[in-house]
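Student: I am new to this structure. Please take me through one part of it, closely and step by step.

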Amino acid sequence: MNERRFLSAADAAEVLGVEPREVVDLVDSGSLPGIRVAGGWRIELAVLQSWIDEQYEAQRRGALWQESQTASIADLFGHFKRR
């Protein structure tokens, strides 16, 4: 079975688990690349997957940064024993 190259906003919303309006808002804002075809947005499946991966990476980096802001010196560098 051939996988479709492009998804409608409704199909992309189903993949993301959000409402179609939220996908349209993402495309309208330029956050999620898409093309307008016959009055509706189409999102390339590979682009959607790449965007999802970028969102995960941004959240991971944000969490690491937040953790580093609350970590002590001992947490960052380990506990040193004096001899």
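**The sheet and the helices on it**

Tutor: Three strands form an open sheet in the order S1-S3-S2, and their pairing is antiparallel. The model is a predicted one. S1 and S2 (35-37) are the edge strands; each has a single partner, so one side of each lacks a neighbour in the sheet. From one strand to the next, the twist averages 45°.

Now take one pair. S1 and S3 are joined by three bridges in the antiparallel sense. Phe 6 sits opposite Glu 44 of S3.

Next come the helices. H1 packs on the sheet and touches S1 and S3. The direction of H1 makes about 90° with that of S1. H2 also packs on the sheet, touching S2 and S3. The direction of H2 makes about 80° with that of S3.

Just after H1, Gly 17 has a positive phi of about 75°.

Last, the two helices together. H1 and H2 pack at an angle of about 105°, and their axes are 8 Å apart. They are therefore roughly perpendicular to each other. H1 brings Ala 9, Ala 10, Ala 12, Ala 13 and Leu 16 to the contact, while H2 brings Pro 20, Val 23 and Val 24. By class, this contact has eight nonpolar residues, no polar ones and no charged ones.

Methods
Residues are numbered from 1 along each chain as its sequence is written. This is a predicted model: local features need pLDDT of at least 70, side-chain atom pairs count only at pLDDT 80 or more; totals for chains, interfaces and linings use all residues. Side-chain values use heavy atoms; hydrogens and water are left out. Helices (H or I, at least four residues) and strands (E, at least two) are DSSP runs, numbered from the N terminus. Axes are lines fitted to C-alpha atoms, for helices over the stretch in contact, and angles run from 0 to 180 degrees between N-to-C directions. Angles under 35 degrees count as roughly parallel, over 145 as roughly antiparallel, 65 to 115 as roughly perpendicular and the rest as oblique. Contact means heavy atoms within 4.5 Å. Ala, Val, Leu, Ile, Met, Phe, Trp, Tyr, Cys and Pro count as nonpolar, Asp, Glu, Lys and Arg as charged, and the others, Gly among them, as polar. Two strands pair if DSSP finds at least two bridges between them.
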